[in-house]
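Dear colleague,

Please find the structure below, handed over for your own work. My notes on what was found in it follow directly after.

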Amino acid sequence: MTRAFSKVLAAAALMAFAATGLAQEENACLLCHGEEGLTTTAASGEEVSIYVDHKQYSGSIHGGLGCTECHLDLADTEEMGTHDVPVEHVDCSVCHLEEAEVFATGIHGQLLSLGDADVPDCASCHGKHDILPAEDGNSLVNKFNLMYTCAKCHQNKELQDKREFGHPDALPHFYESVHAKGLLKDGLSVAPSCNDCHGFHNIQNSSSPASPVHRRNVYKTCGVCHTKVEETYSASIHGQLVADGDRRGPVCTDCHESHRIISPEGTAYKKYSDERCGHCHEEQLEHYQETFHGKAMALGATKVAACYDCHGYHGITRTDNPSSPIHMANRVETCSKCHEGANEGFAGYITHASHMDRENYPQLFYTFWMMTILLVSVFLFFGLHTLLWLVRSVALFMRDSKSFHQSKVKVLKDELIYTRFTPIQRMLHVWLILSFTTLAVTGLPLKFYYADWSGALMAVLGGVEIANYLHRTAALVLVLVFFIHVINLIRKFIPQIKTIKDPQTGKFTLKALLDYMFRPDSLIPHWRDVRDFWNHQKWFFGRGEKPRFERWTYWEKFDYFAVFWGVVIIGGSGLILWFPTFFTMFLPGWVLNVALIVHSDEALLAAGFIFTFHFFNVHFRIEKFPMDTVVFSGKMSRAELVEERGQWYDRMFNSGQLEQLRSGDEWDGWRPIAKTFGFLAFGTGILLALGIFGAMVVRLIMN
Amino acid sequence: MPITRYIKTLSPVAVLLLILLLPGRSLAQGDDICFECHNDPEMTGSAGDTIYVDSERYTESIHAQAGLECVSCHLDLEGFEDWPHAERLERVDCSMCHDGVFDMWDSGVHGQPAREKGDLDAAGCADCHGKHYILPVEDLGSRVYPTNQPETCLACHGDPKLAGKHEGMGSSDIARSFIESVHGQALKKSGLTVSATCTSCHGAHKVLKLNEMLPEIPETCGKCHAPIYQDYVHGVHGEAFQSGNLDVPICTDCHGEHNIRSAEDPGSDVSPSHVSQNCAGCHEDISITTKYGLPLGRLDSYNNTYHGIALNLGDVRVANCASCHGYHNIRPSADPESMTHPARLAETCGTCHPNAGENFAEGKIHVQGNPEDNIGAWLVKRVYVIFIAGLIGGFVAYIVVDLLAHRRRRRAEQKNSNDPEES
Amino acid sequence: MARLNYPMQKRLVEHDGRLYYERFSRAQRLQHLGLLSSFTLLILTGVPLLMPDSWIVRQMFWFEGSFTLRGILHRLAAVALLLVSIYHFFFCLFSPRGNRDLREMVPSWKDITDIFGMISYNLGKKKSPPRFGRFNFTEKFEYYAVAWGSVLMLATGACLWFPVKATILFPRWVLDIIRVVHGFEAILAFLAIIIWHMYNVHLNPEVFPMSRIWLNGRMELDFLRHHHPLEFERLMESVSADVAEKIYCQLGDVFVTDTSETQLH
């Protein structure tokens with residue numbers, strides 16, 4: 001009996017020993033693999049770590065499993081310390097069959113089964129000994145961490161170059177997106193991570209019809225969260241195109257980009273969206289950019305209409321569809337979103353106008369060509385005139401530079417000074433310069449929005465809105481200058497009324513009035529000017545003497561009346577553009593288009609003329625270079641008078657009025673102007689002083 | 001022929017059989033009788049309320065799709081023959097089939113508590129789900145689909161008359177402000193169903209009262225804003241809240257409840273332009289600061305600094321409370337992980353002032369002009385005030401004397417010129 | 001240095017047939033204009049920080065970015081002030097005019113006694129006011145006040161503009177003191193200008209409504225004789241006899257050539 005018992009005992013002891021041996025098996029692996037710094041040389045020649053952090057492993061989701069439950073090939077390892085290397089690849093499908101099957105259908109799985117070494121397997125994404133459930137915040141595949149896991153390959157420069165990924169910037173773009181912001185900044189677990197759009201085990205290439213991000217599927221993928229949008233989009237014309245398989249139809253990623261999805265509420269998106277629409281609708285974009293909206297948008301304005309502000313965005317339908325915001329019945333409401341008080345006339349504005357289209361937009365066509373012809377003729381005429389003058393002057397200078405110098409010296413050194421412009425005239429001219437230049441600087445970038453300098457200039461000004469404000473202020477100043485000048489003229493005219501009478505009868509006659517109007521001092525053009533012009537031309541060609549001009553030369557008269565013309569034309573059209581809703585109450589909408597063409601081209605004419613011909617007359621003429629200061633100082637020397645305005649000088653001399661023009665004490669002229677400036681500064685100071693006193697007293701008392 | 005006779009006799013039977021056996025896309029047989037009257041759009045009860053039931057819409061509803069008849073719910077009309085039936089039918093008892101959900105509703109604020117108070121306005125099943133056209137929740141047309149819930153709930157909660165009648169409902173403005181909130185806009189404007197809708201926070205059937213909801217609020221918000229919830233519970237406010245302190249702010253105290261806006265929205269209570277006022281709500285409250293021994297005058301001292309002045313004058317880029325103290329995981333300065341711990345201050349300042357060294361963070365930040373805060377500044381200020389007062393006083397005195405002297409001399413001159421004989 | 005001598009006669013100028021004392025050359029007037037504009041702009045953009053809660057200030061910053069614009073303008077004006085100061089520094093050292101005027105600015109005991117002298121005169125205790133040279137004590141005081149103020153404001157302002165670089169040298173709480181200094185020095189400078197300087201050049205009955213010297217640089221010889229008699233005497237000493245005669249003629253004095261004839265001009 002004892003024999004059998006002892007055998008049983010022995011067997012039990014053996015089994016116990018074997019059992020402890022089995023339990024020790026896990027510890028056996030760790031005897032070596034638990035040592036930090038344990039490495040081996042991989043097939044590629046690299047040193048790889050084969051250290052397993054036991055603490056980490058037991059904290060992982062597989063922590064309850066023994067080593068050999070995954071490393072099946074090592075189950076028979078008899079002795080400690082040796083096993084075959086390399087160890088066989090762990091087959092996760094032993095337990096996770098379903099996921100493995102799905103994975104095999106995906107692109108990673110398919111490439112892997114073909115032996116591709118770059119593609120991730122289970123361990124590449126989930127980890128090996130540190131696998132945590134996806135809901136755990138530390139898991140490599142938790143949605144807040146997933147992008148960094150994907151980035152290991154998809155943001156790896158070498159791999160990118162080697163495998164030629166379709167979207168090498170996908171991850172950096174994603175980080176800029178509103179989705180990434182929601183995830184990483186706002187900590188929103190409902191925001192999408194890589195898996196929400198691409199799937200996780202069955203990721204397909206986007207060109208595969210099975211992929212959730214294939215063109216025909218992507219709106220459904222987006223629609224999982226953006227359900228309302230999916231509904232609206234499906235009913236829209238774009239959605240219908242896509243549903244019909246039409247390749248022209250845009251899908252979500254065409255307008256929103258696949259990864260760098262930025263919030264459409266922002267201003268950056270607005271400008272970008274125009275370009276996206278224009279990608280297909282090129283002509284409309286071009287015509288849109290010819291309108292104020294387009295130009296301002298191109299220059300960085302934010303509060304202007306982009307394509308979607310009028311056409312809608314997800315639910316875009318044809319114009320004749322009653323639900324379209326640009327259907328005739330809905331237009332006023334659409335315009336009113338920004339333009340309070342818009343009416344039917346205002347909505348008649350031609351939004352995508354082409355002034356080259358004679359059939360559809362004849363009013364724009366003819367206006368444009370009229371203005372162009374005007375511009376071209378003026379520039380040709382004066383260009384020629386200036387050129388001839390320049391050539392003549394240079395020829396004179398080169399022929400006899402000594403006498404040229406002498407006359408210039410004489411002009412500058414002559415001590416007898418006469419007044420040509422009164423202080424008010426000088427001041428008005430200064431303000432004219434300031435306002436005109438401001439108008440040009442703030443307005444021309446809009447006209448030439450496509451030039452590099454426009455964007456830079458707009459940025460310096462502080463943006464389109466500020467330029468707008470400055471432009472209108474300057475316009476008011478210029479109009480004010482105009483009115484002050486006119487009032488001044490009237491003021492000076494009124495005392496003269498008594499003198500307008502027929503020398504014989506002493507009565508007021510029309511002839512006397514005409515004589516007064518066309519008197520030599522007047523700026524109104526006269527036959528004399530035609531004569532002067534003709535003689536001037538003859539002199540250009542060396543066929544005559546340089547004419548002796550009266551007080552106002554023909555080019556000065558032209559300059560003068562050009563301003564009148566400009567104020568009326570540019571000011572009038574500008575006023576229409578400033579208050580479009582008011583003017584379209586009684587004018588049709590296309591008047592706004594016409595006003596824009598007129599304003600823009602006339603302004604170009606004015607600015608161009610001033611900056612070229614006027615500047616030639618007063619700056620670049622050899623005799624005047626670098627600047628004719630008469631309009632600022634108001635003074636001309638006698639020598640200059642004789643040479644430049646000989647006839648005026650003679651007339652004054654003969655009539656004995658010359659002495660009246662003699663310049664007096666310079667300070668007297670400056671007096672009203674300098675005083676104004678001084679007292680302005682003084683007044684500001686006093687107000688500030690009062691403010692400071694009050695604030696200081698209050699604070700000292702309170703403390 | 002006998003076959004034709006069979007066919008003739010049997011065909012109506014066959015037809016009848018076919019109708020009976022056809023899948024139930026059509027009305028259940030018994031419903032025909034009901035719809036004979038109730039299919040009339042103009043039909044109303046004595047009170048003028050409509051009792052029209054659109055049979056097409058009804059067929060699409062989930063109950064009709066499930067094969068239910070009118071009398072499956074209107075039990076008191078089963079087997080009824082004595083048409084027309086009584087004006088008022090018995091109330092339909094949904095708990096017959098939906099008993100679990102019914103119990104949940106009953107334990108919530110719309111259920112038994114309302115009944116006990118005699119409140120007849122409280123929402124019942126039909127008030128939210130509808131009566132005859134109920135669709136599954138996942139259906140876009142359902143009254144309880146996430147993007148449609150605001151309208152459904154606001155039918156009562158947005159009605160000022162009802163809100164005035166029932167104290168517990170809160171102001172109707174508050175409920176209606178949800179539409180303008182970031183959650184409401186995401187739902188209505190962007191059509192994002194993942195956004196929080198009424199039931200996400202209040203629960204669908206077991207709607208709780210505010211004081212019952214309170215302890216759960218951070219966790220509720222944390223359902224979607226998970227990492228933020230984690231930050232919060234590790235911060236000083238979160239830890240205190242979890243130990244039962246109700247004075248500390250929870251999510252809704254800073255962000256608002258229904259009118260939550262994005263932190264970048266200038267109208268939000270946690271936007272740069274408002275956050276300091278928000279924090280001041282507790283940190284400038286004398287009862288709270290004394291109760292917890294918090295330092296006083298935080299907002300005041302902040303407004304004295306350049307940051308405070310600039311912020312109040314419209315520059316939102318400058319540092320506000322949250323820039324330095326953090327927002328969700330605020331910790332006391334003594335905590336080494338706190339953004340305002342002395343060892344980490346230079347780093348915190350460095351987020352806006354690059355390369356800020358250790359010197360940059362030295363010295364008290366919240367100064368109020370006391371000598372303890374910065375004795376140098378206090379002294380210099382006093383010296384300047386005295387000096388300025390003295391100097392300007394001296395100027396004024398000199399000027400007054402000068403002017404008086406001028407006047408005196410001018411008078412004397414005039415007197416002299418009037419009497420030229422006097423020398 | 002001999003090269004840096006600026007003879008007295010150069011200060012006598014003619015304009016429109018009259019003789020004047022040129023008190024400020026064009027360079028000096030331009031420097032003053034630069035100082036005036038930058039100072040005004042600095043005050044306008046700086047004072048709002050001292051009274052941020054007031055109604056006026058709130059109206060000033062009504063549009064977005066206005067506060068940032070304020071900051072940019074303030075710093076631009078400060079740079080302008082710095083440039084004017086540097087120019088002035090070199091002007092005083094190296095230009096003959098500047099050099100001579102700087103020497104006249106050096107304070108002396110006479111200035112102290114002049115203060116008491118002037119006050120006594122104003123109080124009626126003395127019969128005649130003290131006799132001032134080119135620059136009287138008020139002008140010297142103003143000059144040094146501006147110099148001191150500019151240096152202090154530029155230095156403290158630089159520390160506040162570049163706090164990170166400044167705190168390399170000292171801890172941050174020193175910046176708090178610097179901020180107090182900057183603010184109060186600004187108030188001091190502003191009050192000094194608005195009260196003292198404005199009195200001297202506008203409200204003083206002698207010059208009311210405004211002395212024009214800062215615009216054209218010229219001082220009437222009459223005024224010079226009355227208010228800066230020592231300078232006038234130096235001027236008269238430096239000019240030739242016929243020029244002196246012309247001056248006296250202009251002043252309306254009786255000029256006695258010899259005892260027999262009296263010529264009245």
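Both Y554(A) and W555(A) are buried, a term that stands for under 20% relative accessible area, with exposed meaning over 50% and partly exposed lying in between (1.4 Å probe, protein chains only). Please keep in mind that this is a predicted model, in which local features need pLDDT of at least 70 and side-chain atom pairs count only at pLDDT 80 or more, while totals for chains, interfaces and linings use all residues. Residues are numbered from 1 along each chain as its sequence is written, chains are lettered from A and ligands numbered from 1 in the order of writing, and side-chain values rest on heavy atoms, with hydrogens and water left out.

Rings of Phe, Tyr and Trp (its six-membered ring) are paired if their centres lie within 6.5 Å, and planes under 30 degrees apart count as stacked, over 60 as edge-to-face and the rest as tilted; by this rule there are 54 aromatic pairs over all chains. The ring centres of Y554(A) and W555(A) are 5.2 Å apart and their planes stand at 85°, so this pair is edge-to-face. The rings of Y143(C) and Y144(C), with centres 5.5 Å apart and planes at 80°, are therefore edge-to-face as well. Y143(C) counts as partly exposed because its relative accessibility is 23%, and Y144(C) is partly exposed at 33%.

As for charges over rings (NZ of Lys or CZ of Arg within 6 Å of the ring centre and within 35 degrees of the ring normal), R57(B) lies over the face of Y133(B), at 4.1 Å from the ring centre, and R218(C) lies over the face of Y20(C), at 5.4 Å.

With kind regards
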